[in-house]
Amino acid sequence: MIKVNDLEIPTLDDISFSGNKLLVRIDINSPVDPKTGKLIDDSRIKAYNETIKELVNKGNSLVLISHQGRPGDSDFISLEEHAELLSKYLDMNVEFVEDVMGPYARERIKNMKSGEVILLDNVRFVSEELIEAPPTQHAKSYLVKRLSPLFDGYVNDAFATAHRSQASIVGFPMVLKSTAGRVMEKEVSALAKIFNADEFPKVFVLGGGKVLDSIRIIENLVKRRLADRILTGGLIAELFAVAKGLDLGKENMQILEKKGLISLIPRARKILLSGGPIEIPVDFKVEKEEGKVAEEPSNKVTGVIKDIGSTTVGIYSSFIKDAKVIVMRGPMGVIEDERFREGSKKLLDSALESQGYLIIGGGHMISMLGGSSEINPSKVHVSTGGGALLLFLAGERLPALEALDLSYKEVVKKK
Ligand SMILES: Nc1ncnc2c1ncn2[C@@H]1O[C@H](COP(=O)(O)OP(=O)(O)O)[C@@H](O)[C@H]1O
Ligand SMILES: O=C(OP(=O)(O)O)[C@H](O)COP(=O)(O)O
């Protein structure tokens, strides 16, 4: 059992599945090249080998289920390429089923033979999956009602989605015998051990595009006084810069507005006014007319912000080098474009060179590691999670863990 605060979460050692048909929730949501629609990193696809092989070796047949991107974004794509890569890394056939809960998927699941593995299509093609709701409500969703009768059990290995109260995460545990998979187990046990609240300075490097998540994370970190410094990059840096009163120019404001981020300015301002240890870039790398790249001080920005500038890289690196614990999530810039990878790459190098312990997460940031074999596991924890990782470290309860705990009490023990 994994014990987290008052939660007790069963693992594959506590509920031994063999010869069963299992629904396995994984998170293979990966960075996508917006130009080609192809995956640009496969770290998360490789992560589930142990769980999948262990379950297959015990004669189970597996239906893998995952999301990819969010509706409206360029990375909201089908999982066909993911199935090819899963087959390659597992060295076994993972059949792609271009359906989630329709008659074709259900018929295919009914006819599965022992040891077979299939991957359903992007679960966010089902609109119910996008609703954040309590487990009891999701247990009544069509997704759960249509799929759960076909299975003997449910395994949640999607640590990276553990902070979402969505149907494929919290609905199935209410009706099926459920456990955490090996990735979930390792992440939760390792993070509970390595994150020592008494070790400081702790430096958080937070970038990327999921600004609402980041604001929630920062509010938690500040409230619990867990961070000595929070170094911002990506869109989160832009939001804090505006909240501080900097004029980032019309184009950047339009981008923030288009992404619906203007309404978050008061929350960012409140964090700054409450003394949150937020660092804002002193310069940015920007793209100007005809694709020209330039560096501009934060108070004189005219181009579109695409990365942090070199002076900021120097300042941030010195904070990182002095830290005892470094947590990195979300890139400093638009890393899909080679010209704007430098900020993230240099901070990552500083973190790897530092004496501090590095916890790094989030699909885009771990892609910067490029599968590096030189990572010292006693000094670095590479997490499959980004937002889930940070919220867990900040002490928030994760819906996926709560649902597995509840499932053990209500579904397993009462049977
Ligand atoms: N200044 C910026 N403007 C627009 N997008 C940005 C900026 N900085 C980073 N991004 C985008 O943020 C995305 C990654 O953010 P996110 O999904 O939060 O990270 P992770 O997957 O590592 O958790 C990338 O697609 C990147 O292009
Ligand atoms: O990539 C993910 O989160 P992350 O960017 O925080 O690492 C997860 O797959 C969750 O995706 P979501 O933030 O669209 O719910």
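The legends below describe close-up views of a predicted model.

**View 1. The two domains of the chain.**

**View 2. The contact between domain 1 and domain 2.** On the domain 1 side 15 residues take part, and they touch 10 residues of domain 2. About 960 Å² is buried between the two domains, with 55% of this area coming from carbon and sulfur atoms. Two residue pairs are in polar contact across the boundary (both at pLDDT 80 or more). The side of domain 1 that touches domain 2 consists of eight nonpolar, three polar and four charged residues.

**View 3. The salt bridge between the domains.** One salt bridge is counted between domain 1 and domain 2. Arg164 and Asp213 form a salt bridge, with 2.6 Å between the closest N and O atoms.

**View 4. The residues around ligand 2.** The shell has 14 residues, of which Asp27, Arg124, Arg164, Lys210 and Gly387 come nearest. By class, one residue of the shell is nonpolar, six are polar and seven are charged. Domain 1 and domain 2 each supply at least three residues to this shell.

**View 5. Polar atoms at ligand 2.** Asp27 places a polar side-chain atom 2.6 Å from an oxygen atom of ligand 2. For Arg70, a polar side-chain atom is 2.8 Å from an oxygen atom of the ligand. Gly386 has a backbone N or O atom 3.2 Å from an oxygen atom of ligand 2. On its own, ligand 2 has 380 Å² of accessible area, and the protein covers 95% of it.

How values were computed: Residues are numbered from 1 along each chain as its sequence is written. Chains are lettered from A and ligands numbered from 1 in the order in which they are written. This is a predicted model: local features need pLDDT of at least 70, side-chain atom pairs count only at pLDDT 80 or more; totals for chains, interfaces and linings use all residues. Side-chain values use heavy atoms; hydrogens and water are left out. Contact means heavy atoms within 4.5 Å. Buried area is the accessible area (1.4 Å probe) that two parts lose on being put together, summed over both. A salt bridge is a side-chain nitrogen of Lys or Arg within 4 Å of a carboxyl oxygen of Asp or Glu. A polar contact is a pair of N or O atoms within 3.5 Å; within protein, one must be able to donate a hydrogen and the other to accept it, and residues adjacent in sequence count only if both atoms are side-chain atoms. Ala, Val, Leu, Ile, Met, Phe, Trp, Tyr, Cys and Pro count as nonpolar, Asp, Glu, Lys and Arg as charged, and the others, Gly among them, as polar. A residue is near a molecule or strand if one of its heavy atoms lies within 4 Å of it. Accessible areas come from the Shrake-Rupley method with a 1.4 Å probe; for residues, only the protein chains shown count as cover. Domain bounds come from an automatic or database domain assignment.
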